[in-house]
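Dear colleague,

I am handing over the structure we spoke about, and below it you will find my notes on what was found. Please read them with the model open beside you.

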Amino acid sequence: RAWRCWLAARAHASEARRRMTRVLLVRQRRAFNKLRACGWTTGRVAASVAHWQRQAEAAALQGWRGYADRVRLKRRALTRFVLASQVRALGVWRVHAAESALMAAAVSALRNREARAAYNSWLWWLEARKASAEKMRAAIAAMVGVKMRAALNSWCAEKERTAPLRRGAARWANRPAARCFIKMREFGRERQRLRSQVHRMRHQQLVGCLRKWRAGSDGRRRRAGCVRAIQNPPVRRAVNTWVAMAARRQRLKAIMGTLVDPSKRRSLNRWKAVTRFRLRPGSPPPTPRAPMRLIQAMTWRQACTWLQSIGCDVSRSPPTLLRALKEGLVYQQLVRTISPYYFMRHKVSTSHERGAGSVFVMVQQFFDTEAVIAVVGCQKLDIKALTAGKAREHLDLVQTFRTVHKARRSEAHHGGW
């Protein structure tokens, strides 16, 4: 109750002090506003006068810079022509020095062959002796410190065993101190909140003045930007045109890079996202596509069970199944099960006769069709890894076929398959 009464008294005193300060500082605030406006106008006038006075000096400095650049280019060209013979001689000397160094190394290798062999043998003997000495030292230390090592191990085990007990005892022993610390922290937070409220109430007038000054400065900055835009319309239009041209050029370069390397489609997707396509009058609206299906991970047991459920005669042994997948006959049967029309139209049954990896090239072409892209998106196969028999790649490929097969069975119309 005493704390609340004291807070109420402080609040009433601060309110009375704030009202008195507001009455006393009205004239000072008006004078400060007039002084600020006058200072801003004086600064603008001084900047304009300095700009017009130093215009000739700026033009002279720019002309001197251009002349200095031209003189520097002429000196560089003259030095290059004068020292052309010395540069050529230095290049020839470098080539001759490199050839001489190679010849000297070859001659020294032929002359000092026995000494080099002896030196290498000595280095090998030294390293072997050092390794044997380290092993001997470790063995001696192990033999000498058996009791000490056993005592250390026992002490470490006892410490780990009694760690929960020690933590529990320390928690019960320090419980009053922990409660006191928590209460002290809560009291500090409450005190900080009350102090912030009191300071906000005391300095409410200054906060209001600061906010008004910020709003006025932002408005002046916006007006200054509008004035500069009105004063220099050709410069602004030129800058805007250059920025738009640079953005279009960067976008076209990104699109060309995407076309050169189809695996990197980030730039093309970004261009499609920021570009708005307008339909021609009379053109039908685009047909909505079904949402992409998530391709999940698959184990060997799941792959074998699914392949046997759709009629593929495969083994339950992972090595035998991987060998059959590597040959490619299972993928031919999967393409036949999913799309018989594609199987007959593109002669998938004879794709394994064209060489190693031809089956996986056929699978890549099958995945590039619009019907498959509408289900799982664009898929790029690692043909080298599939031909080499990488298990992870084959499992991912079988899971992709399973996703396409499930989508085909769930669709009501099979147009395009």
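At 17% relative accessibility, Gly389 counts as buried, where buried means under 20% relative accessible area, exposed means over 50% and partly exposed lies in between, computed with a 1.4 Å probe on protein chains only. Please keep in mind that this is a predicted model, in which local features need pLDDT of at least 70 and side-chain atom pairs count only at pLDDT 80 or more, while totals for chains, interfaces and linings use all residues. Residues are numbered from 1 along each chain as its sequence is written, and side-chain values use heavy atoms, with hydrogens and water left out.

Gly389 lies in the loop between α17 (383–388) and α18, where helices are DSSP runs of H or I with at least four residues, strands are runs of E with at least two, and both are numbered from the N terminus. Setting aside neighbours within four places in sequence, Gly389 is in contact with Leu322, Lys326 and His394, contact being taken as heavy atoms within 4.5 Å. The C-alpha atoms of Gly389 and Glu327 are separated by 9.1 Å, although the two residues are 62 residues apart along the chain.

His394, one of those contacts of Gly389, sits in helix α18 and counts as buried because its relative accessibility is 0%. When residues up to four places away in sequence are not counted, His394 touches Leu322, Leu325, Lys326, Tyr331, Phe360, Leu386 and Gly389.

**Helix packing**

Two packed helices are described by the angle between their axes and the distance between the axes. Here the axes are lines fitted to C-alpha atoms, for helices over the stretch in contact, and the angles run from 0 to 180 degrees between N-to-C directions.

Helix α12 and helix α18 (residues 391–410) pack at an angle of about 70 degrees, with their axes 11 Å apart. That makes α12 roughly perpendicular to α18, given that angles under 35 degrees count as roughly parallel, over 145 as roughly antiparallel, 65 to 115 as roughly perpendicular and the rest as oblique. In this pair, Leu322, Leu325 and Lys326 of α12 meet Ala391, His394 and Val398 of α18. The residues of this contact divide into four nonpolar, one polar and one charged, where Ala, Val, Leu, Ile, Met, Phe, Trp, Tyr, Cys and Pro count as nonpolar, Asp, Glu, Lys and Arg as charged, and the others, Gly among them, as polar.

Helix α11 (residues 300–309) packs with α12 (residues 318–327) at an angle of about 60 degrees, and their axes are 11 Å apart. That makes α11 oblique to α12. On the α11 side the contact is made by Trp300, Cys304 and Leu307, and on the α12 side by Pro318, Leu321, Leu322 and Leu325. By class, this contact has seven nonpolar, no polar and no charged residues.

Helix α13 (residues 329–338) and α15 pack at an angle of about 25 degrees, with their axes 10 Å apart. That makes α13 roughly parallel to α15. Tyr331, Gln332, Val335 and Ile338 in α13 meet Val359, Phe360, Met362, Val363 and Phe366 in α15, and the contact comprises eight nonpolar, one polar and no charged residues.

**A loop residue with positive phi**

Most residues other than glycine have a negative phi. Lys347, however, has a positive phi of about 55 degrees although it is not a glycine. Lys347 is found in the loop between α14 (340–345) and α15 (358–367), and counts as exposed because its relative accessibility is 57%.

**The chain as a whole**

The protein chain has 18 helices and zero strands, and buried residues make up 16% of its 417 residues. Among the contacts in the chain with a separation of 6 or more, 61% are accounted for by residues 24 or more positions apart.
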